[in-house]
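I opened a new page today for a structure I had not looked at before. Here are my notes, in the order in which I looked things up.

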Amino acid sequence: MKALEITRLEKTYKNGFQALKGIDLAVDEGDFLALLGPNGAGKSTTIGIIASLVTRNSGSVKIFGLDIETHPAETKSQLGIVPQEVNFSLFETCLNIVVNQAGYYGINKKVAYDRAEKYLSRLGMWDRRNDISRNLSGGLKRRLMIARALLHEPKVLILDEPTAGVDVELRRSTWGFLKETNARGTTIVLTTHYLEEAESLCKKIAIIDKGLIVEYGSMKDILAKLYTETFVLDLANPLGKLPDTAEFNMRLTDPLTMEVDVNRDQNANALFETLSSNRIIVRSMRNKSNRLEELFIRLLDQSGVYYRQERGKDDYQKAVNSI
Amino acid sequence: MTTKKLLTAYKTIVSKELTRFLRIWVQTLLPPAVSMTLYFIIFGNLIGPRIGTMGGFTYMQFIAPGIIMMSIINNSYSNVVSSFFGARFQRHVEEMLIAPVPNWMILAGYISGGVARGLIVGLIVTVVALFFTELRIIHNPFIVCSVVILTSVLFSLAGFINAIFAKNFDDISIIPTFVLTPLIYLGGVFYSIELLPEIWQSISLANPILYMVNAFRYGILGVSDIDIHIAFTIILLFIVIMSGFSLYLLHRGTGIKT
């Protein structure tokens, strides 16, 4: 069963900006999908339409097979939305904010208070329940929005950059919470600029750019498209000259640090054999950048934009495959 | 949503509205009591005795219903316009829009909040009035109650529409200052339109507030410049038109959706 199904979704704002140019997306029940894209790509517009906060020009959005326009009450009951911007009253207590939200879903006060305790505790906010919301830090405000979105126990949770501007500790604990929520059966769709976050949390990825989905698939399949990975090697002894090999593209950033590009049809064993034969001892090794980040940047580079816009989708796909 | 769930959602909106204006009672409930006291002192005690009787009543008795109605109109309007615009401005209106609350329920919740504040302020001002004048046994309690509630509903709706179109805080004060206040002052609060030249009497009949003030005055004192049936028809007509327009705006997402 598809938890979320988007078909030919288009949106043009009043100022003429075409935010979505007919996107298609299907999310299976229980999935954890990252919707990635640069600023202005159409991520928030997509979420806004799903949340009924943005009107669409054409296309459809279905939640568990029901269209959000023809079955608003049923579909809204299944959705939990965590927006990018703070959108709760800054003059109310945390507890009132979440309990009132439950009220909008028709949940009585007794159940609402029990659930508020459950979710605020799980997010480490129960001790702050009587604080006025404006006094919370940015990270806690985002957590409050997550608790609020879960009070009616939705089957699909949609989060628009839930950890933007949040410190590392809070971000990691939020990841843990989201993983746990997904493991309990909640389908999660997440947008983020932290590609490390997407790689660590999500099973699937959709990359959106200029209002089009340019890549969609499982994390494994998408990362497999990364043709070249760059590794950074920390050397045990200073190196004055690079080994003489045509097999690998190597460069020294300083006498103790070497960068090596490894293609998909090469392997790390061959690299280490080359290094060993040249008596180079490697202390440690790491990816130069997050793999998803590398792929993301390559996908959205100028050639990608050129191929997609000027030469059509097929040529663009060929270009993507060659990355 | 089941009826029970709808009722819970409605109670949530209303309770949030009540909490909001009761929490800031110094800004919402106290000022009308103070300003209406000043009206009674200046117009009733100081100037009133020089004017003499109006419609067979002392001037103080004559203006009391108008002043009560003026405070109900102002407070119903300002409660909804400030609350709904605030919800838009802080974006917490989205809490309701993403939930399965139907538009008519959102409207009903805000209107109920406006009516509640209008009634509470009306009661406070009535108590203040009783310190200055003796209001006889109410002529027709049914008319008094229905006019108060209907007028409060009407101006809550007007406040809601203003809040939907407002783009900044100036926009929520322009209508009360430049439209509502002149209409109230020219709506027979302080005088009977019989005192006006014929042409101005006719022009005054185009002021909807005249009908509300006179209907309320009729309910309390038993005197009115206009036919009570016409007054009710006008009030109900405005309520129907404004409710329909408000629902249309909510459905279109004007001011709340992009």
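**Salt bridges**

I began with charged pairs, and over all chains the count comes to 19 salt bridges, where a salt bridge is a side-chain nitrogen of Lys or Arg within 4 Å of a carboxyl oxygen of Asp or Glu. A reminder to myself: side chains of opposite charge can pair when their charged atoms come close.

The model is predicted, so local features need pLDDT of at least 70 and side-chain atom pairs count only at pLDDT 80 or more, while totals for chains, interfaces and linings use all residues. Residues are numbered from 1 along each chain as its sequence is written, chains are lettered from A and ligands numbered from 1 in the order in which they are written, and side-chain values use heavy atoms, with hydrogens and water left out.

I looked up A:K2 and found a salt bridge with A:D28, with 2.7 Å between the closest N and O atoms. This pair links distant parts of the chain, 26 residues apart: A:K2 is in strand β1 (residues 2-12) of chain A and A:D28 in strand β2 (residues 18-28) of chain A. Strands here are DSSP runs (E, at least two residues) and helices are runs of H or I of at least four, numbered from the N terminus.

**Where chains A and B meet**

How many residues of chain A are in contact with chain B? I noted 30, facing 23 residues of chain B, with contact meaning heavy atoms within 4.5 Å.

The area buried between the two chains is about 2400 Å², and carbon and sulfur atoms give 54% of it. Buried area is the accessible area (1.4 Å probe) that two parts lose on being put together, summed over both.

Two salt bridges are counted between chain A and chain B. I looked up A:E92 and B:K16, whose side chains meet in a salt bridge at 3.8 Å, N to O. On the side of chain A that touches chain B, α2 (72-78) and α3 (94-104) of chain A are the elements that give two or more residues. The largest share, five residues, comes from α3(A).
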